[in-house]
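Work through the exercises below with the model open beside you. Try each task before you read its solution.

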Amino acid sequence: MEEKILRLLNERRFYELKKFLETLNPNDIAPLFDEIPMEDVLIIFRLLPKETAAETFVEIDNDNQEYLIRAFSDEELKEVLDLLFVDDTADLVEEMPANVAKRVLKHTDVKTRKLINEILKYPEDSAGSIMTTEFVSLRKDMTVLEALNKIKATGVDKETIYTCYVTDKTKKLIGLVSTKDILLSDMDEMIEDIMETNFIYTHTLADREDVVKMFDKYDLLAVPVVDKEDRLIGIITVDDAIDVIREENTEDFEKMAAMMPSDESYFKTSPFTHAKNRIMWLLFLMLSATMTQAVITHYEAAFATVPLLVAFIPMITGTGGNCGSQSSTMIIRGLALDEIEPKDIFKAMLKEGEIGLLVGVSLAIVNGIRIIIFYHDTILALVLGITLIATIIMAKLMGCILPIAAKKLKLDPAIMAAPLITTLVDTCSILVYFNVALKIMNL
(Lines give C-alpha, C1' and ligand atoms only; values in the text may rest on other atoms or scores of the structure.)
Protein backbone atom coordinates (compact mmCIF):
# COMPACT_ATOMS: atom_id res chain seq x y z
CA MET A 1 0.00 0.00 0.00
CA GLU A 2 2.70 2.46 1.04
CA GLU A 3 4.80 1.71 -2.05
CA LYS A 4 1.81 2.22 -4.35
CA ILE A 5 0.96 5.58 -2.81
CA LEU A 6 4.56 6.78 -3.01
CA ARG A 7 4.80 5.60 -6.62
CA LEU A 8 1.59 7.37 -7.65
CA LEU A 9 2.71 10.46 -5.79
CA ASN A 10 6.15 10.52 -7.45
CA GLU A 11 4.58 9.97 -10.88
CA ARG A 12 2.08 12.76 -10.14
CA ARG A 13 -0.87 10.51 -11.00
CA PHE A 14 -3.14 12.39 -8.62
CA TYR A 15 -6.48 11.18 -9.93
CA GLU A 16 -5.54 7.51 -9.38
CA LEU A 17 -4.02 8.42 -6.02
CA LYS A 18 -7.21 10.18 -4.93
CA LYS A 19 -9.34 7.16 -5.86
CA PHE A 20 -7.00 4.82 -4.00
CA LEU A 21 -6.93 6.99 -0.87
CA GLU A 22 -10.73 6.94 -0.77
CA THR A 23 -10.59 3.18 -0.13
CA LEU A 24 -8.28 3.46 2.90
CA ASN A 25 -8.95 3.87 6.60
CA PRO A 26 -7.67 7.13 8.21
CA ASN A 27 -5.56 5.10 10.66
CA ASP A 28 -3.78 3.47 7.70
CA ILE A 29 -3.26 6.79 5.95
CA ALA A 30 -1.80 8.68 8.93
CA PRO A 31 1.55 6.75 9.11
CA LEU A 32 2.23 7.68 5.47
CA PHE A 33 2.73 11.30 6.47
CA ASP A 34 5.94 10.29 8.25
CA GLU A 35 7.30 8.67 5.08
CA ILE A 36 6.60 11.32 2.43
CA PRO A 37 8.55 14.57 1.97
CA MET A 38 7.08 17.49 3.91
CA GLU A 39 6.26 19.38 0.73
CA ASP A 40 3.98 16.52 -0.38
CA VAL A 41 2.07 16.33 2.90
CA LEU A 42 -0.35 19.05 1.83
CA ILE A 43 -0.90 17.39 -1.56
CA ILE A 44 -1.89 14.08 0.02
CA PHE A 45 -4.12 15.81 2.54
CA ARG A 46 -5.99 17.79 -0.12
CA LEU A 47 -6.69 14.59 -2.05
CA LEU A 48 -8.55 13.06 0.89
CA PRO A 49 -12.35 13.26 1.25
CA LYS A 50 -13.33 15.87 3.87
CA GLU A 51 -14.36 13.52 6.66
CA THR A 52 -11.42 11.19 6.05
CA ALA A 53 -9.11 14.21 6.07
CA ALA A 54 -10.40 15.32 9.46
CA GLU A 55 -10.05 11.83 10.96
CA THR A 56 -6.56 11.50 9.49
CA PHE A 57 -5.57 14.93 10.82
CA VAL A 58 -6.26 13.74 14.39
CA GLU A 59 -4.00 10.70 13.95
CA ILE A 60 -0.89 12.34 12.43
CA ASP A 61 1.95 13.63 14.62
CA ASN A 62 2.30 17.18 15.92
CA ASP A 63 4.94 18.24 13.38
CA ASN A 64 2.73 17.37 10.42
CA GLN A 65 -0.29 18.94 12.09
CA GLU A 66 1.62 22.17 12.60
CA TYR A 67 2.87 22.15 9.02
CA LEU A 68 -0.65 21.66 7.67
CA ILE A 69 -2.16 24.39 9.85
CA ARG A 70 0.46 26.85 8.63
CA ALA A 71 -0.09 25.76 5.02
CA PHE A 72 -3.91 25.79 5.09
CA SER A 73 -5.90 28.67 3.75
CA ASP A 74 -8.39 30.13 6.24
CA GLU A 75 -11.21 28.29 4.51
CA GLU A 76 -9.38 24.94 4.57
CA LEU A 77 -8.50 25.31 8.24
CA LYS A 78 -12.09 26.12 9.17
CA GLU A 79 -13.38 23.10 7.20
CA VAL A 80 -11.05 20.76 9.08
CA LEU A 81 -11.77 22.28 12.50
CA ASP A 82 -15.52 22.10 11.92
CA LEU A 83 -15.21 18.33 11.48
CA LEU A 84 -13.07 17.77 14.59
CA PHE A 85 -14.54 16.84 17.96
CA VAL A 86 -13.99 19.40 20.71
CA ASP A 87 -11.60 17.20 22.73
CA ASP A 88 -9.41 16.69 19.65
CA THR A 89 -9.36 20.45 18.99
CA ALA A 90 -8.46 21.05 22.64
CA ASP A 91 -5.54 18.60 22.34
CA LEU A 92 -4.45 20.43 19.19
CA VAL A 93 -4.48 23.82 20.91
CA GLU A 94 -2.54 22.41 23.86
CA GLU A 95 0.19 20.82 21.73
CA MET A 96 0.75 23.58 19.15
CA PRO A 97 3.04 26.62 19.51
CA ALA A 98 1.28 29.77 20.72
CA ASN A 99 1.01 31.43 17.29
CA VAL A 100 -0.42 28.26 15.69
CA ALA A 101 -2.84 27.71 18.58
CA LYS A 102 -3.98 31.30 18.23
CA ARG A 103 -4.79 30.73 14.55
CA VAL A 104 -6.73 27.56 15.42
CA LEU A 105 -8.82 29.39 18.02
CA LYS A 106 -9.42 32.25 15.60
CA HIS A 107 -11.21 29.87 13.23
CA THR A 108 -13.42 28.18 15.82
CA ASP A 109 -16.79 29.56 16.83
CA VAL A 110 -17.48 31.16 20.20
CA LYS A 111 -19.21 28.08 21.63
CA THR A 112 -16.34 25.77 20.64
CA ARG A 113 -13.73 28.16 22.08
CA LYS A 114 -15.62 28.20 25.36
CA LEU A 115 -15.69 24.39 25.46
CA ILE A 116 -11.97 24.20 24.60
CA ASN A 117 -11.10 26.59 27.42
CA GLU A 118 -13.28 24.52 29.74
CA ILE A 119 -11.31 21.36 28.94
CA LEU A 120 -7.90 23.04 29.09
CA LYS A 121 -8.46 24.38 32.60
CA TYR A 122 -8.32 20.89 34.12
CA PRO A 123 -5.02 19.36 35.34
CA GLU A 124 -3.16 17.31 32.73
CA ASP A 125 -3.65 13.96 34.51
CA SER A 126 -7.31 14.50 35.39
CA ALA A 127 -10.45 13.03 33.85
CA GLY A 128 -11.52 16.52 32.77
CA SER A 129 -8.48 16.90 30.54
CA ILE A 130 -9.39 13.90 28.35
CA MET A 131 -13.17 14.23 28.24
CA THR A 132 -15.28 15.41 25.33
CA THR A 133 -18.27 17.69 25.75
CA GLU A 134 -20.07 16.26 22.72
CA PHE A 135 -22.68 13.80 23.94
CA VAL A 136 -26.43 13.26 23.64
CA SER A 137 -28.37 14.60 26.62
CA LEU A 138 -32.03 13.66 27.21
CA ARG A 139 -34.73 14.57 29.74
CA LYS A 140 -36.55 11.97 31.80
CA ASP A 141 -39.98 13.32 30.75
CA MET A 142 -39.25 12.72 27.03
CA THR A 143 -40.99 9.94 25.14
CA VAL A 144 -38.92 7.43 23.20
CA LEU A 145 -40.11 9.09 19.98
CA GLU A 146 -38.93 12.52 21.17
CA ALA A 147 -35.60 11.01 22.21
CA LEU A 148 -35.14 9.40 18.79
CA ASN A 149 -35.91 12.70 17.06
CA LYS A 150 -33.31 14.47 19.21
CA ILE A 151 -30.69 11.80 18.49
CA LYS A 152 -31.36 12.15 14.74
CA ALA A 153 -31.18 15.94 14.95
CA THR A 154 -28.00 16.25 17.04
CA GLY A 155 -26.27 12.85 16.87
CA VAL A 156 -24.26 13.60 13.75
CA ASP A 157 -22.15 16.11 15.73
CA LYS A 158 -21.65 13.88 18.77
CA GLU A 159 -18.64 11.67 19.39
CA THR A 160 -20.84 8.73 20.35
CA ILE A 161 -24.57 7.99 20.44
CA TYR A 162 -24.38 4.44 21.79
CA THR A 163 -25.29 5.74 25.25
CA CYS A 164 -27.45 8.78 25.98
CA TYR A 165 -27.36 10.65 29.29
CA VAL A 166 -30.44 11.77 31.20
CA THR A 167 -30.21 15.05 33.13
CA ASP A 168 -32.62 17.22 35.09
CA LYS A 169 -33.21 20.95 34.70
CA THR A 170 -29.97 21.78 36.57
CA LYS A 171 -27.98 19.42 34.29
CA LYS A 172 -27.48 16.98 37.14
CA LEU A 173 -26.89 13.44 35.84
CA ILE A 174 -29.78 11.22 36.96
CA GLY A 175 -29.54 8.27 34.58
CA LEU A 176 -28.43 6.85 31.28
CA VAL A 177 -30.06 4.86 28.51
CA SER A 178 -28.57 2.94 25.61
CA THR A 179 -29.67 3.64 22.05
CA LYS A 180 -30.44 -0.06 21.77
CA ASP A 181 -33.03 0.22 24.58
CA ILE A 182 -34.53 3.29 22.92
CA LEU A 183 -34.86 1.52 19.57
CA LEU A 184 -36.45 -1.56 21.13
CA SER A 185 -38.98 0.36 23.26
CA ASP A 186 -42.47 1.57 22.36
CA MET A 187 -42.54 5.05 20.85
CA ASP A 188 -44.83 6.44 23.57
CA GLU A 189 -42.83 4.98 26.47
CA MET A 190 -41.13 7.49 28.77
CA ILE A 191 -37.34 7.73 29.05
CA GLU A 192 -37.75 7.72 32.83
CA ASP A 193 -39.16 4.20 32.63
CA ILE A 194 -36.32 2.70 30.60
CA MET A 195 -33.28 4.62 31.88
CA GLU A 196 -30.67 3.03 34.15
CA THR A 197 -30.27 4.84 37.46
CA ASN A 198 -27.50 2.62 38.84
CA PHE A 199 -24.59 3.78 36.66
CA ILE A 200 -20.85 4.28 36.76
CA TYR A 201 -19.46 7.83 36.57
CA THR A 202 -16.38 9.83 37.51
CA HIS A 203 -15.50 13.37 38.54
CA THR A 204 -13.61 16.00 36.57
CA LEU A 205 -10.60 15.98 38.93
CA ALA A 206 -10.34 12.19 39.22
CA ASP A 207 -7.00 10.69 38.15
CA ARG A 208 -7.23 9.62 34.53
CA GLU A 209 -5.49 6.29 35.31
CA ASP A 210 -8.29 5.45 37.74
CA VAL A 211 -10.84 6.26 35.04
CA VAL A 212 -9.09 3.95 32.56
CA LYS A 213 -9.34 1.11 35.08
CA MET A 214 -13.12 1.64 35.14
CA PHE A 215 -13.31 0.85 31.42
CA ASP A 216 -11.57 -2.47 32.01
CA LYS A 217 -13.45 -3.36 35.19
CA TYR A 218 -16.97 -2.58 33.94
CA ASP A 219 -16.51 -3.17 30.16
CA LEU A 220 -17.62 0.37 29.29
CA LEU A 221 -17.63 2.25 25.98
CA ALA A 222 -17.90 5.65 27.68
CA VAL A 223 -17.83 7.10 31.20
CA PRO A 224 -19.81 10.24 32.13
CA VAL A 225 -17.86 13.00 33.89
CA VAL A 226 -19.57 15.17 36.50
CA ASP A 227 -18.47 18.19 38.55
CA LYS A 228 -18.65 18.49 42.34
CA GLU A 229 -22.37 19.28 42.10
CA ASP A 230 -22.92 16.09 40.05
CA ARG A 231 -23.74 18.10 36.92
CA LEU A 232 -22.84 16.33 33.69
CA ILE A 233 -19.84 18.09 32.13
CA GLY A 234 -18.65 15.59 29.52
CA ILE A 235 -17.87 11.97 28.74
CA ILE A 236 -14.68 9.96 28.26
CA THR A 237 -14.82 7.53 25.34
CA VAL A 238 -12.95 4.25 25.03
CA ASP A 239 -10.62 5.57 22.28
CA ASP A 240 -9.36 8.27 24.66
CA ALA A 241 -8.92 5.65 27.38
CA ILE A 242 -6.77 3.56 25.03
CA ASP A 243 -4.58 6.62 24.34
CA VAL A 244 -4.06 7.07 28.08
CA ILE A 245 -3.14 3.39 28.50
CA ARG A 246 -0.55 3.68 25.73
CA GLU A 247 0.96 6.84 27.23
CA GLU A 248 1.09 5.48 30.77
CA ASN A 249 2.58 2.13 29.68
CA THR A 250 5.25 3.91 27.63
CA GLU A 251 6.10 6.11 30.61
CA ASP A 252 6.38 3.12 32.96
CA PHE A 253 8.58 1.18 30.52
CA GLU A 254 10.91 4.16 30.19
CA LYS A 255 11.17 4.59 33.95
CA MET A 256 11.82 0.88 34.46
CA ALA A 257 14.58 1.09 31.86
CA ALA A 258 16.20 3.96 33.80
CA MET A 259 15.19 6.74 31.41
CA MET A 260 13.32 9.98 31.85
CA PRO A 261 9.90 9.78 30.14
CA SER A 262 9.52 11.54 26.76
CA ASP A 263 6.38 12.41 24.80
CA GLU A 264 8.14 12.33 21.44
CA SER A 265 8.58 9.24 19.28
CA TYR A 266 12.02 7.61 18.98
CA PHE A 267 12.99 9.04 15.58
CA LYS A 268 11.46 12.46 16.30
CA THR A 269 13.67 12.84 19.38
CA SER A 270 17.14 14.28 18.85
CA PRO A 271 20.26 12.37 20.01
CA PHE A 272 20.91 15.17 22.52
CA THR A 273 17.46 14.74 24.07
CA HIS A 274 17.82 10.95 24.16
CA ALA A 275 21.16 11.35 25.94
CA LYS A 276 19.73 13.89 28.39
CA ASN A 277 16.85 11.56 29.24
CA ARG A 278 19.18 8.66 29.94
CA ILE A 279 22.31 10.17 31.46
CA MET A 280 21.00 11.07 34.93
CA TRP A 281 20.04 7.51 35.82
CA LEU A 282 23.23 6.19 34.24
CA LEU A 283 25.28 8.60 36.37
CA PHE A 284 23.40 7.48 39.46
CA LEU A 285 23.94 3.81 38.68
CA MET A 286 27.60 4.36 37.89
CA LEU A 287 28.25 6.27 41.11
CA SER A 288 26.17 3.84 43.19
CA ALA A 289 28.46 1.06 41.94
CA THR A 290 31.00 2.62 44.35
CA MET A 291 29.28 0.60 47.11
CA THR A 292 29.86 -2.62 45.21
CA GLN A 293 33.47 -1.61 44.54
CA ALA A 294 34.01 -0.90 48.25
CA VAL A 295 32.67 -4.33 49.21
CA ILE A 296 34.94 -6.10 46.70
CA THR A 297 37.95 -4.10 47.91
CA HIS A 298 37.14 -5.02 51.50
CA TYR A 299 37.33 -8.73 50.65
CA GLU A 300 40.42 -8.41 48.48
CA ALA A 301 42.36 -10.80 50.71
CA ALA A 302 39.76 -13.52 50.19
CA PHE A 303 39.92 -13.59 46.43
CA ALA A 304 43.68 -13.12 46.54
CA THR A 305 43.76 -16.46 48.34
CA VAL A 306 41.20 -18.09 45.99
CA PRO A 307 41.31 -16.09 42.72
CA LEU A 308 38.62 -18.34 41.20
CA LEU A 309 36.05 -16.64 43.46
CA VAL A 310 36.25 -13.48 41.30
CA ALA A 311 35.17 -15.34 38.17
CA PHE A 312 31.73 -16.06 39.65
CA ILE A 313 30.89 -12.48 40.72
CA PRO A 314 29.13 -11.59 37.38
CA MET A 315 27.00 -14.76 37.61
CA ILE A 316 25.94 -14.02 41.19
CA THR A 317 25.12 -10.34 40.59
CA GLY A 318 23.51 -10.98 37.20
CA THR A 319 21.25 -13.73 38.53
CA GLY A 320 20.24 -11.58 41.50
CA GLY A 321 19.51 -8.57 39.30
CA ASN A 322 17.40 -10.64 36.92
CA CYS A 323 15.41 -12.16 39.78
CA GLY A 324 14.79 -8.74 41.33
CA SER A 325 13.62 -7.35 37.99
CA GLN A 326 11.24 -10.29 37.48
CA SER A 327 9.61 -9.74 40.87
CA SER A 328 9.38 -5.97 40.55
CA THR A 329 7.78 -6.28 37.11
CA MET A 330 5.08 -8.62 38.42
CA ILE A 331 4.45 -6.48 41.51
CA ILE A 332 4.24 -3.24 39.48
CA ARG A 333 1.78 -4.91 37.12
CA GLY A 334 -0.27 -6.09 40.09
CA LEU A 335 -0.27 -2.59 41.59
CA ALA A 336 -1.31 -1.06 38.27
CA LEU A 337 -4.23 -3.49 37.91
CA ASP A 338 -5.23 -3.15 41.59
CA GLU A 339 -4.56 -6.86 42.11
CA ILE A 340 -2.08 -5.88 44.84
CA GLU A 341 -2.59 -3.22 47.52
CA PRO A 342 0.05 -1.80 49.90
CA LYS A 343 -1.70 -3.69 52.73
CA ASP A 344 -0.83 -6.95 50.95
CA ILE A 345 2.92 -6.43 51.43
CA PHE A 346 3.45 -9.34 53.85
CA LYS A 347 1.34 -11.70 51.75
CA ALA A 348 3.36 -10.70 48.66
CA MET A 349 6.65 -11.09 50.55
CA LEU A 350 5.66 -14.60 51.62
CA LYS A 351 4.81 -15.58 48.04
CA GLU A 352 8.01 -14.08 46.61
CA GLY A 353 10.02 -15.74 49.38
CA GLU A 354 8.55 -19.13 48.43
CA ILE A 355 9.25 -18.46 44.75
CA GLY A 356 12.80 -17.37 45.59
CA LEU A 357 13.43 -20.55 47.59
CA LEU A 358 12.19 -22.81 44.77
CA VAL A 359 14.13 -20.92 42.10
CA GLY A 360 17.25 -20.61 44.27
CA VAL A 361 17.41 -24.32 45.11
CA SER A 362 16.87 -25.29 41.46
CA LEU A 363 19.62 -22.97 40.18
CA ALA A 364 21.96 -23.98 43.01
CA ILE A 365 21.62 -27.68 42.15
CA VAL A 366 22.26 -27.11 38.44
CA ASN A 367 25.18 -24.78 39.12
CA GLY A 368 26.61 -27.14 41.73
CA ILE A 369 26.68 -30.00 39.21
CA ARG A 370 28.39 -27.68 36.70
CA ILE A 371 31.08 -26.67 39.23
CA ILE A 372 31.81 -30.25 40.23
CA ILE A 373 32.07 -31.37 36.58
CA PHE A 374 34.34 -28.51 35.45
CA TYR A 375 36.31 -27.65 38.60
CA HIS A 376 36.04 -30.84 40.75
CA ASP A 377 35.51 -28.56 43.78
CA THR A 378 32.67 -29.58 46.12
CA ILE A 379 33.39 -26.76 48.57
CA LEU A 380 33.15 -24.11 45.84
CA ALA A 381 29.90 -25.69 44.62
CA LEU A 382 28.52 -25.46 48.18
CA VAL A 383 29.60 -21.79 48.51
CA LEU A 384 27.98 -20.82 45.23
CA GLY A 385 24.86 -22.88 45.99
CA ILE A 386 24.23 -21.20 49.36
CA THR A 387 25.03 -17.79 47.85
CA LEU A 388 22.62 -18.30 44.95
CA ILE A 389 19.77 -19.35 47.25
CA ALA A 390 20.34 -16.41 49.64
CA THR A 391 20.82 -13.91 46.80
CA ILE A 392 17.73 -14.98 44.87
CA ILE A 393 15.48 -14.90 47.94
CA MET A 394 16.87 -11.49 48.88
CA ALA A 395 16.42 -10.17 45.31
CA LYS A 396 12.84 -11.45 45.12
CA LEU A 397 12.00 -9.76 48.41
CA MET A 398 13.57 -6.47 47.31
CA GLY A 399 11.69 -6.62 44.02
CA CYS A 400 8.51 -7.05 46.05
CA ILE A 401 9.08 -4.55 48.88
CA LEU A 402 10.44 -1.52 46.99
CA PRO A 403 7.55 -1.00 44.51
CA ILE A 404 4.94 -1.53 47.25
CA ALA A 405 6.78 0.89 49.54
CA ALA A 406 6.86 3.43 46.71
CA LYS A 407 3.09 3.03 46.23
CA LYS A 408 2.57 3.47 49.96
CA LEU A 409 4.62 6.69 49.89
CA LYS A 410 2.60 7.84 46.82
CA LEU A 411 5.66 7.58 44.55
CA ASP A 412 5.72 5.94 41.13
CA PRO A 413 6.46 2.21 41.68
CA ALA A 414 8.22 2.06 38.29
CA ILE A 415 10.96 4.33 39.65
CA MET A 416 11.75 1.69 42.27
CA ALA A 417 12.07 -1.07 39.69
CA ALA A 418 15.09 -2.45 37.84
CA PRO A 419 17.64 0.39 38.32
CA LEU A 420 17.50 0.67 42.14
CA ILE A 421 16.90 -3.02 42.71
CA THR A 422 19.86 -4.03 40.54
CA THR A 423 22.20 -1.68 42.42
CA LEU A 424 21.11 -2.91 45.84
CA VAL A 425 21.13 -6.56 44.82
CA ASP A 426 24.64 -6.28 43.36
CA THR A 427 26.06 -4.95 46.63
CA CYS A 428 24.15 -7.30 48.92
CA SER A 429 24.84 -10.39 46.82
CA ILE A 430 28.61 -9.79 46.92
CA LEU A 431 28.41 -9.30 50.69
CA VAL A 432 26.62 -12.63 50.99
CA TYR A 433 29.01 -14.32 48.57
CA PHE A 434 32.22 -13.45 50.36
CA ASN A 435 30.79 -13.97 53.86
CA VAL A 436 29.67 -17.47 52.86
CA ALA A 437 33.09 -18.11 51.31
CA LEU A 438 34.85 -16.91 54.45
CA LYS A 439 32.80 -19.14 56.70
CA ILE A 440 32.98 -22.34 54.62
CA MET A 441 36.50 -22.01 53.17
CA ASN A 442 38.05 -20.57 56.35
CA LEU A 443 39.77 -17.78 54.36
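**Before you start: one residue**

At 39% relative accessibility, glutamate 16 counts as partly exposed, since buried means under 20% relative accessible area, exposed over 50%, and partly exposed in between (1.4 Å probe, protein chains only). This is a predicted model, in which local features need pLDDT of at least 70 and side-chain atom pairs count only at pLDDT 80 or more, while totals for chains, interfaces and linings use all residues. Residues are numbered from 1 along each chain as its sequence is written, and side-chain values use heavy atoms, with hydrogens and water left out.

**Exercise 1**

Find the distance, N to O, between the side chains of arginine 13 and glutamate 16.

*Solution.* 
- Step 1. Recall the rule: a salt bridge is a side-chain nitrogen of Lys or Arg within 4 Å of a carboxyl oxygen of Asp or Glu.
- Step 2. Read off the N to O distance for arginine 13 and glutamate 16: 2.7 Å, a salt bridge.
- Step 3. Check arginine 13: its relative accessible area is 30%, so arginine 13 is partly exposed.
- Step 4. Count by this rule: there are 17 salt bridges.

**Exercise 2**

*Solution.* 
- Step 1. Confirm the pair: the closest N and O atoms of arginine 208 and glutamate 247 are 3.0 Å apart, and they form a salt bridge.
- Step 2. Helices are DSSP runs (H or I, at least four residues), numbered from the N terminus.

**Exercise 3**

Are α20 and α21 roughly parallel or roughly antiparallel to each other?

*Solution.* 
- Step 1. Locate the helices: α20 spans residues 345-375 and α21 spans residues 378-408.
- Step 2. Read the geometry: the angle is about 155 degrees, and the axes are 7 Å apart. Axes are lines fitted to C-alpha atoms over the stretch in contact, and angles run from 0 to 180 degrees between N-to-C directions.
- Step 3. Apply the cut-offs: under 35 degrees counts as roughly parallel, over 145 as roughly antiparallel, 65 to 115 as roughly perpendicular and the rest as oblique.
- Step 4. Conclude: α20 and α21 are therefore roughly antiparallel.

Terms used:
Helix = DSSP H or I, 4+ residues; strand = E, 2+ residues; numbered from the N terminus.
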